[in-house]
Amino acid sequence: MTVRRASGSVRQAFSDLRFELAVIGLLVMTIAAISFAGLILRNTVVIGPGGSMPFTTEWHGDDILGGNSTIDATLARPLTWSCQLRRRYQFPYCSYVLKLDHNDGRGIDLSRFQTITITLDYRGPADSFRLYLKNFDSRYSKVEDGGTDKYNQIELPLHNGRQTIQARLSDLKVADWWLQGNHIPYRWSRRQFDNVVALEIDTGNNASPGRHVFRIDRITLEGKIVPVEQWYLGILGFWIILICMFTISRILGLQRDLRRRRLLEQVARGEAQLARESARRDHLTGLYNRRGVTEGYQQMLAEGLDRPVAIMIADIDHFKMINDRHGHVVGDEMLAKFADLLRRNVRDTDLIARWGGEEFLLIGHVSDAQAAVDIADKLRIKIAAAEFPHGAMTASFGVYYCDRLPDKVRPAIALADRALYAAKESGRNRVILHESGAENPISRAD
């Protein structure tokens, strides 16, 4: 008892120490979360080869407006294209589109991003290019018509060679031509990035005719996961909730300990009962094993000796052939189904067990020897008619009848076993009765 109390004290001390260490750890994490909020909250998305945002591409020139400018691009080299601008259309252009949805109107929420950075290599006569972030909103957009997506645009400077260009998303504005062409009311005319379905790059205003070559290395969007103010409020709320939870846990501690003790006692009793029951049961069929038969028979003896009893042994015919042909796994399945068939066709008061291998034992009270034979034959017929895995199956029965319970069950089982042996010698799939006191131990066959 002293050792147990000492062990409990050590565990409690260790538990308290763990709690204190956890609090210290949370304090350190809180200080770090406040000090490095800018780094922690930084959210970066990269669009490009090996980037974190998947996309598909498409491109077109001004031919849809009657022009003859062309664009040369391939799926094999994404983010690389060349345009040949020609004067047929008044404002020649070409467009390269990165689609961020699956043509279903479900895009990417970029509303928490502040900047977009484009690293590219350009060759051509242009001094600017247009960037569009196209936003889908079911109030005015249609899935089948990309022209109804809101065009948030900005014109960015451009020169020959490799360059990195950065813009604030707050500098983008909705294209006037899009507002007018789609008759958008004023309340929906503000820029919008909550469901961006495409990023489009066009040659800029007043782009000169000629060849324009673009190769984008990467497009980076940067922002914060949540506003800094919300971050600090979240930390404060976390500590308030933690303190409340700690207080409640301390108040309910005694009740938890009491419930735990009661539960452990119930589990211990249940495990003890389960262990006793498992020791009496065959693990494959769930029927009694030999130990279970002994204990069950003792119970029958305690209930009274003066009632007639039948002891039967059933043996599956040619079971070795089943194991040899189909394997032991199938054999086990057939044993389990055989046991279930017996269980469902005997009385709850009967004692039923797996006696060994493919032999099963049944002990139950009957009115006379003929009733015992009738019961065994009924089981034999049901077995022969049942469907088993990988084919039909039959069984032979040896029956021993006695007008009162024997003091010892093993000799009676041996007599039933002799009758079973005779049944198998006589051709199997039959019932043989061994009657007590008969000169010929095999006195009746079915």
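User: Which strands each supply at least two residues of the lining of the largest pocket?

Analyst: Strands, like helices, are DSSP runs numbered from the N terminus (a strand is E over at least two residues, a helix H or I over at least four). In this structure, β2 (56–61), β5 (94–99), β7 (128–135), β8 (150–157) and β11 (196–203) each contribute at least two lining residues to the largest pocket. The largest share, four residues, comes from β11. The model is predicted, with local features needing pLDDT of at least 70 and side-chain atom pairs counting only at pLDDT 80 or more, while totals for chains, interfaces and linings use all residues. Residues are numbered from 1 along each chain as its sequence is written, and side-chain values use heavy atoms, with hydrogens and water left out.

User: What volume does the largest pocket have, and which residues are the closest to its centre?

Analyst: On a 1 Å grid over the protein atoms alone, a pocket is an open set of points with protein on both sides within 12 Å along at least five of seven lines, whereas a cavity is a set where a 1.4 Å probe fits but cannot get out; lining residues have an atom within 4 Å of a point. Grid points are joined across faces, edges and corners, and the volume is the space filled by probe spheres set on the points. Here the largest pocket has a volume of about 810 Å³. Its lining has 38 residues, of which Tyr 93, Tyr 151, Trp 177, Glu 200 and Asp 202 are the closest to the centre.

User: How many residues of each class are in that lining?

Analyst: Ala, Val, Leu, Ile, Met, Phe, Trp, Tyr, Cys and Pro count as nonpolar, Asp, Glu, Lys and Arg as charged, and the others, Gly among them, as polar. By this scheme, the lining of the largest pocket has 15 nonpolar, ten polar and 13 charged residues.

User: In what order do the six strands of the open sheet stand?

Analyst: Strands of a sheet pair through backbone hydrogen bonds, either parallel or antiparallel. Two strands are taken as paired if DSSP finds at least two bridges between them. The open sheet has the order β2-β5-β11-β7-β8-β10, with antiparallel pairing. Because β2 and β10 (173–174) stand at the edges with a single partner strand each, one side of each has no neighbour in the sheet. Within the sheet, β5 and β11 are joined by five bridges, and Ser 95 has Asp 202 of β11 as its bridge partner. Seven bridges join β7 to β11, where Leu 131 stands opposite Ile 201. On to β8, β7 is joined by eight bridges, with Ser 128 opposite Pro 157.

User: Are the faces of β7 covered or open?

Analyst: In a regular strand the side chains alternate between the two faces of the sheet. Buried means under 20% relative accessible area, exposed over 50%, and partly exposed in between (1.4 Å probe, protein chains only). In β7, eight of its eight residues are buried. One side carries Ser 128, Arg 130, Tyr 132 and Lys 134, and the other Phe 129, Leu 131, Leu 133 and Asn 135.

User: Where does Leu 79 lie, and what is its phi?

Analyst: Most residues other than glycine have a negative phi. Leu 79 has a positive phi of about 70 degrees and lies in the loop between β3 (70–73) and β4 (80–85). These two strands form a hairpin with six residues between them, pairing in the antiparallel sense over four bridges. Leu 79 is buried, at 0% relative accessible area. Asn 103, in the loop between β5 and β6, also has a positive phi, near 60 degrees, but counts as exposed at 56% relative accessibility.

User: Which residues is Thr 119 in contact with?

Analyst: Contact means heavy atoms within 4.5 Å. Thr 119, in strand β6 (residues 113–123), is in contact with Arg 162, Gln 163, Thr 164, Ile 216, Asp 217 and Arg 218, leaving aside neighbours within four places in sequence. At 12% relative accessibility, Thr 119 counts as buried.
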